[in-house]
Amino acid sequence: MDYSTIQQDEVEALEAIFDAPATTSDDGVVTLALPSVGTFAFARSPTYPIDKACPRILISRLHDKYATLARMPEVIAAMEAAGAAAVAHGQVCLFEMVDAGIAALRAQRDAAKENKPPPPALSRRSSSNNSKPPAPDKPKKKAPAATSPKAEKKSMRTATDVIHRIMWDDSITQTEVIVGYLDRFIGTVERNFAAFNWADISTLSQNETAIPQHRIQYFRWRDEIIWDKRVRLDRVFGSSGHDVIAFSPSTAAPAPLSAVAAERPANVTFHANTDRPNTFLCFRITDTAVVDTCKHAQAAIVRGDPRLAPSALAPARFHCTLLLMRLKSLHEIAVAQRVLAECQGLLHTLCASSVRIDGVSAFGNRVVYAKVAPHDGLLTLVATLKARFAAAGISLVGNHDVYQPHVTLCKLSRDLSRSVATIDARSYAAYASHDFGSQAIAGMHLCAMGNNGYVAPDGFYQQIVPPIANVALTITAPCEPYSIVTTKLAYVSSTTSPLVSSPADVAYAAIFLDKTSQQRLLSALPPVHAKVLCDHVTVAYAPSVDVLSALHLGTTVKLLVTGDVCDAETQAVRVQCPDVGAWTNGPHPHITISIAPHGAAKNSARLLASMAVNKWQTPLALSGAVGLRVGSFSLTTFAACAEVLAPVATDASSTYALKSPAVTSVHVFDFDLTLVRAPVRHHGESVLTPSEVASIGPDWYKSPMSLHPRQKLLPLPALSHMKDVLGATTSTGILLTARLEPLRDAVLRVLDTFGVTPDAAFFKPLSQHQVLHGDTVALRAAENAAYKI
């Protein structure tokens, strides 16, 4: 049985739950560093957790607030008790152990505060040299009569704790949370939680929006205050004594995201110090003549100083960097992949011609590089990529204001620079104006930075998403019909009559708001007229073939509402829109909120052109998808738009046809300890009635009571990954679990509460569930693994 997979999954879940780095040494010791608590180390056996052996514990560091108070034997004993209770059932237990350790430390600190003696009185008289008699003591005031004991004020969880909970709890939709903070000039201001970058504010650029956390006054979720420091209200954790609110995921469909590559990039480093990048976007240098010339230049440098041999970049890794960025999570990897996919057409348009590599120069005599000649298309591509990634919320740290394309030849590392201060310019002077040749830009590659020990089969860096090829976009029908019929695999190529036979059948192209954005806009600006619209920004009326071909159909974009206008017939808001490929609807992008019974939505453009707009002090962020209005249907995915745009005649002799794209990747997810963490038996039984406990039977995970609505089911990071897969048009997400077939409804109900509905689900048949004897935990694990294989 593969124990390492179970152990690695637990470490990943531990990092996500506590928002702290966890490392695993070669001998299997897991170290979890919690900045505000301490550092815990766990020594696990090779067959943990199947052998039911509780890991050994070592607390190597404690925060100052615990270091002088902690009674270590008691803390370790509490952690061992919690771990033994969980591992007795063959379950991983590090989460329970860390939770118990933190609780024990806090309990000791609170007890120390209650029993702290008063400080000793300070004497103003010296002990020996003062001959004056001591002054008589002043009469002491009588203490007031004792009244009813005053309840002790306990410390309330901070805004930082609430932010971490909102960011990691999948049952809380971030766009539904409003942050109320104190502005020094205009007082309390409200903004959406998703509008801020919650990284360390000292590391952010001037293009990112952040707020000092001490200015946060309250958090509001679905029009209900859940945390307010002004009145000591905490309904997120209950630390103020108030009831904890029951969060639930949004019922609105999430904005689709491209799927992350089927295999998680194991060596991508999400650095704790957020002021440096961890990934770079580049194109490769593969032309034989260019590579050979680069190698000759490297050889000349090494001949000048043989100690510089380690500084020479491997020829298989020659590249030209386009952008540096910092990706903080798997979710941001998915966002980056989506942005790159949307820029594929831009890459082919701007970089169809090759770039020239001419001459050698250096950065501070520490980095020697081959110079890439100016290329207008390349510069435009980089500027557009910067704007797109910044709009998507990706941190672009490490980039210079003036982009200087280059191919690194030699670079002094930190260790090498201790013995070699600089690279002598005379060693590469012969290549200062040498023509290296031209290189075609074959594609873009998003790679992991740093020496992570990974080397691709061809010697290049680790690529964390599939490369984006520099080819013209073509959309064709799948060659063969699909044999599996599920939600996303139901399309079968056929010759049925098209829904659209000419561009005139498309009423308009627009950015259609998602349900959450519609509700947010209506809450911010209540409608004043009888007929409420508030659903789209028109891009083009009766779009032509050229407009249809240029539109970024299916792309999710962000909008900003900057003001509103209203008269006796029409109410509308002015919006700022990004580039969506084409625009023919005048100079005033807008959303019509409501119209009178005798009014018309088309009057909104006239209203914005003729009236002064009421400017909003704080713009409102919305999101929507570029799509088409055909008949009574609003089509907001690329697949749906492509399917209806069947052959449309452009003239008597030429046609073009769009078809639904094929599913190119299948992602398979387990349920337990991958998507959801269910409680172990002794914890799960504590929330059940005696009759429910009696109905469980010998196998806890065979009983529907393990998934009862009262159970505390913890969503894990892979659940967010599955949401991204299900939101993509070219991937499908499948659930494969060893839970028995009779539990199908219970499992799918649990996933539905987190906003996930898999395209297909496979459960273990009752016929493959045997009655076992002996070490049932190990035998059952082997049986389940055999079923999944």
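Of the 789 residues of the protein chain in this predicted model, 44% count as buried. The chain exposes about 40600 Å², and 56% of that area is supplied by carbon and sulfur atoms. The secondary structure comprises 18 helices and 32 strands. Among contacts between residues at least 6 apart in sequence, 71% join residues at least 24 apart.

Two helix pairs were examined. Helix α1 (residues 3-18) and helix α4 (residues 94-114) have axes that come within 10 Å and cross at roughly 35°. On the α1 side the contact is made by Glu 10, Leu 14, Ile 17 and Phe 18, and on the α4 side by Leu 94, Phe 95, Val 98, Asp 99 and Ile 102. By residue class, this contact of α1 with α4 divides into seven nonpolar and two charged residues, with no polar ones.

The second pair consists of helix α7 (residues 330-342) and helix α9 (residues 376-391), whose axes lie 10 Å apart and pack at an angle of about 140°. The arrangement of α7 relative to α9 is therefore oblique, since an angle has to be over 145 degrees to count as roughly antiparallel. The crossing of α7 past α9 is right-handed. Helix α7 contributes Ala 336, Val 339, Leu 340 and Glu 342 to the contact, while α9 contributes Leu 385, Arg 388 and Phe 389. Five of the residues in the contact of α7 with α9 are nonpolar and two are charged; none is polar.

Helix α9 also holds Thr 380. With a relative accessible area of 38%, Thr 380 is partly exposed. The C-alpha atom of Thr 380 is 9.6 Å from that of Leu 346, and the two residues are separated by 34 positions in sequence.

Leu 324 belongs to strand β11 (residues 319-325). Its relative accessibility is 18%, so Leu 324 counts as buried, the cut-off being under 20%. Beyond the neighbours within four places in sequence, Leu 324 is in contact with Pro 277, Thr 279 and Phe 280, with Leu 396, Val 397, Gly 398 and Asn 399, and with Met 449. Leu 324 and Lys 386 are 62 residues apart in sequence, with a C-alpha to C-alpha distance of 9.6 Å.

Most peptide bonds are trans, and most residues other than glycine have a negative phi. The peptide bond from Tyr 48 to Pro 49, however, is cis, with omega near 5°. Pro 49 is placed in the loop between β3 (38-43) and β4 (56-62). Lys 52 is likewise located in the loop between β3 and β4. Although Lys 52 is not a glycine, its phi is positive, at about 60°. Lys 52 has a relative accessible area of 38% and is thus partly exposed.

A positive phi also occurs at Ala 542, another residue that is not a glycine, with a value of about 40°. Ala 542 is situated in the loop between β20 (536-541) and α11 (545-550). The relative accessible area of Ala 542 is 52%, so this residue is classed as exposed, for which the area must be over 50%.

Definitions and conventions:
Residues are numbered from 1 along each chain as its sequence is written. This is a predicted model: local features need pLDDT of at least 70, side-chain atom pairs count only at pLDDT 80 or more; totals for chains, interfaces and linings use all residues. Side-chain values use heavy atoms; hydrogens and water are left out. Axes are lines fitted to C-alpha atoms, for helices over the stretch in contact, and angles run from 0 to 180 degrees between N-to-C directions. Helices (H or I, at least four residues) and strands (E, at least two) are DSSP runs, numbered from the N terminus. Angles under 35 degrees count as roughly parallel, over 145 as roughly antiparallel, 65 to 115 as roughly perpendicular and the rest as oblique. A crossing is left-handed if the near helix is turned anticlockwise from the far one by less than a right angle, and right-handed if clockwise. Contact means heavy atoms within 4.5 Å. Ala, Val, Leu, Ile, Met, Phe, Trp, Tyr, Cys and Pro count as nonpolar, Asp, Glu, Lys and Arg as charged, and the others, Gly among them, as polar. Buried means under 20% relative accessible area, exposed over 50%, partly exposed in between (1.4 Å probe, protein chains only). Accessible areas come from the Shrake-Rupley method with a 1.4 Å probe; for residues, only the protein chains shown count as cover.
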